[in-house]
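Me: I would like to go through the charged side chains of a protein with you. Could you help me see how they pair up?

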Amino acid sequence: MRLALFDLDNTLLGGDSDHAWGDYLCERGILDPVAYKQRNDAFYQHYLNGTLDLQAYLAFSMEILAATPMAQLDAWHRDFMRDCIEPIILPKALALLQQHREAGDKLVIITATNRFVTAPIARRLGVRTLLATECETDGGRYTGRSTDIACFREGKVTRLQRWMLENGYDLEDSYFYSDSMNDLPLLQQVTHAVAVDPDPNLRAEAEQRGWPVISLRG
């Protein structure tokens, strides 16, 4: 079975779910709307620039998970899905996923954003396999720390290789769709690399390498 791999944020979604989660918490007064938003925006800019200190960002973004009971987090996430994620689900992205389903491909979302934020989104998109940055739990609560290898840059390749070994897949005739130059390590591994509404650096890289450039927006 051929693999069809998809980045999530700004690829299948018309926005960034991790950044949107921070905005959601600020807009509802759950987190300080000035201080948190400033740091969240700064981390996001570092991500776009390719200079993100991932461990610093994970410690920052997961602090709220450790401070809040699971039931409350789940309630907030349901509202977040309705108010923030549904409006940025792209019809063309749903059609692309369906195209690969009908071709008999194995669909996998592979994202740097943590599993708490992304697992309900993957379910909404009908994708059963999700590789994401993992959140540590202890005694039924999040600890505020990540665990395992972060699913970011070269970490995406490492996590995917391990998953393929455990599940009997390989990259023969594989696809990977992404918007971000941060995903270049994995884009270089697959048979069919596709740049989706790419950032300027990935657009230039795709043009140089002859990779297709597509848009799922509009």
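**Salt bridges in the model**

Reply: Let us begin with Lys37, which is partly exposed, with a relative accessible area of 31%. Please note that the model is predicted.

Me: OK, and which residue does Lys37 meet in a salt bridge?
Reply: Its partner is Asp41, and the N to O distance is 3.4 Å. Asp41 is partly exposed as well, at a relative accessible area of 30%.

Me: Where do Lys37 and Asp41 lie?
Reply: Both belong to helix 3 (residues 35–49). They are four residues apart, which is about one turn of the helix.

Me: Zooming out, how many salt bridges does the structure hold?
Reply: There are 18 salt bridges in the structure. One of them joins Asp7 to Lys156, with the closest N and O atoms 3.2 Å apart. This pair links distant parts of the chain, as the two residues are 149 residues apart. Asp7 sits in the loop between strand 1 (3–6) and helix 1 (8–12), while Lys156 is in helix 8 (residues 154–167).

Me: Are Asp7 and Lys156 buried or exposed?
Reply: Both residues are buried.

Me: New topic: what about Glu27 and Arg28?
Reply: Their side chains form a salt bridge, at 3.6 Å from N to O. Arg28 is partly exposed, with a relative accessible area of 36%.

Me: And why does Glu27 count as exposed?
Reply: Its relative accessibility is 60%, and exposed means over 50%.

Me: Which residues are linked with Glu27 and Arg28 in a network of salt bridges?
Reply: The network also includes Asp79, Arg82 and Asp83.

Notes: Residues numbered from 1 in each chain as written. Predicted model: local features only at pLDDT ≥ 70, side-chain atom pairs only at ≥ 80, totals over all residues. Heavy atoms only, no water. Salt bridge = Lys/Arg side-chain N within 4 Å of Asp/Glu carboxyl O. Buried < 20%, exposed > 50% of the residue type's maximum accessible area, 1.4 Å probe, protein only.
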